[in-house]
Amino acid sequence: MAVTEEALLARIARGDLVEGPEYATQPYIDALKRTLIVSADTELISAPSYLRAARDAPSINSYISATGIIQDELGHAHIAYRMLRDLGVDTDALVYERDPKDFKHPYAFDVPLDSWTELVVANAFYDRAGFLLLGDIFRHTTYGPWKRALAKVDREENFHLGHGEKWMRTLSQDPKGKTDLQHAVDWMFLLTIEWFGLPDALKRHKEQIGYGLKGYTNDQLRQQWMSTAVPLCQEVGLTVPARHDAEHNEWVITCPFPARFDERQKSPGMTCWCDGSSAGPRTASLSARSSAGTRNWGDTSMRELDAGVVRAALYEILDPEYPVSIVDLGLIRGVEVKGSTVRVRMTYTSMGCPCTEMIQDDIRERLRALPGVGRVEIEVVWEPWTREHISAEGLKQLRGVGVV
Ligand SMILES: [Fe+2]
Ligand SMILES: [Fe+2]
């Protein structure tokens, strides 16, 4: 016999857990699935994001710590997808066949983490958000199977945020480290505030609280996050746009918010609430690769942006005077990719070349169009340029137009 809404609510009121779909109504199951999908997608998408930044680890030991965290996150994703499978969801379709833009996770994971500093701030900020959100579900959810599985997740998320705190304290000892931390905190603070979702007053689905799937509201969890994240930043001498209002005993954001985020500059501007439901280009690229029939996540390592990709893009840029690629002309003397920053070393055919600015503008425009590129730095080295630097292909093309 189907469970009625009254029987379900009575069970919840008695404090008895819902042990499976046979004890629940369809609206309860639908709300549970929505919550599980956000959790599973968030954990899954955090792994490649963290892996990218882990490559900047300062030592083998710290790299191993980071990969341990990544392994935990994949385990957390697996738990949530398994819960969904037990509820009859086709999780293979969910992971491999879903349209990338339908993945549900905080907007923060659409912004690449580029450095060890950003990774440890992510641990201190994002994993703290995960710890609070999942800790709340662990302690309050009425769905028994998830509650039990979250015991392990709760401990691991606590370790992740502790890892971030330890490293923020270490990096803040050094002036350069502190400057880098401040830069990371400047863009990551608001993105984590956004993590908790819409303000309670704007929230459409209220059944998470009604069915006891979680205990605290978005705004309550946001307050809890600020109550430990802000003092941490203050302790290590970092500035964040929030303060404690003692009179009302609440944390107040002291900058325009909700805010629009400028992905390229990694800086918050203003105007709209990111509701976390839209996947940006980065996630689109990651999930598209998993959807493209590649069930081996090993193939999706963060190799989409490397010197070869940059060189291929530079190859498309022609010298304004000759219809030959600047690469074939021998003007490019080095390409380096670090995180989302691309550094190009180049020279010109002569100091008096009138096209220097034009070529640099073309380089910036072309490279910024590449996925994953945030910053383009061009260093003009004024190394000698002679005919020997022109490639065979370049010579052939120049001959074709009668230049050599
Ligand atoms: Fe996690
Ligand atoms: Fe975590």
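Which residues of strand β6 lie on its covered face, and which on its uncovered one? In this predicted model, V342, V344 and M346 form the covered face. T341, R343 and R345 form the uncovered face. The strand spans residues 341-346. In a regular strand, side chains alternate between the two faces of the sheet.

**Partners of β6**

Strand β6 has a partner in β5 and another in β7. β5 pairs with β6 in the antiparallel sense. β7 and β6 run parallel. The table sets out both pairings.

| Partner of β6 | Residues | Sense | Bridges | Residue pair |
|---|---|---|---|---|
| β7 | 375-380 | parallel | six | I378 with V344 |

So much for the pairs; next comes the turn. β5 and β6 form a hairpin with two residues between the strands. There, G339 takes a positive phi near 60°.

V344 links two of these points. This residue sits on the covered face of β6, and its bridge partner in β7 is I378.

**The nonpolar cores**

In soluble globular proteins, nonpolar side chains tend to be buried together. Here the largest nonpolar core has 68 residues. Y50, L119 and V121 have the most contacts inside it. Elements that give two or more residues to this core are α2, α3, α5, α6, α7 and α9. The largest share comes from α5, with 15 residues.

What does V121 touch, leaving aside its neighbours within four places in sequence? V121 is in contact with G164, M168, L181, A184, V185 and M188.

A second core is separate and has 18 residues. Among them are V324, I326, L331 and V373.

Definitions and conventions. Residues numbered from 1 in each chain as written. Chains lettered and ligands numbered in written order. Predicted model: local features only at pLDDT ≥ 70, side-chain atom pairs only at ≥ 80, totals over all residues. Buried ≥ 20, exposed ≤ 12 C-beta atoms within 10 Å, placed from the backbone. Helix = DSSP H or I, 4+ residues; strand = E, 2+ residues; numbered from the N terminus. Pairing = 2+ DSSP bridges. Core = buried A, V, L, I, M, F, W, Y, C linked by C-beta atoms within 7 Å. Contact = placed C-beta atoms within 7 Å.
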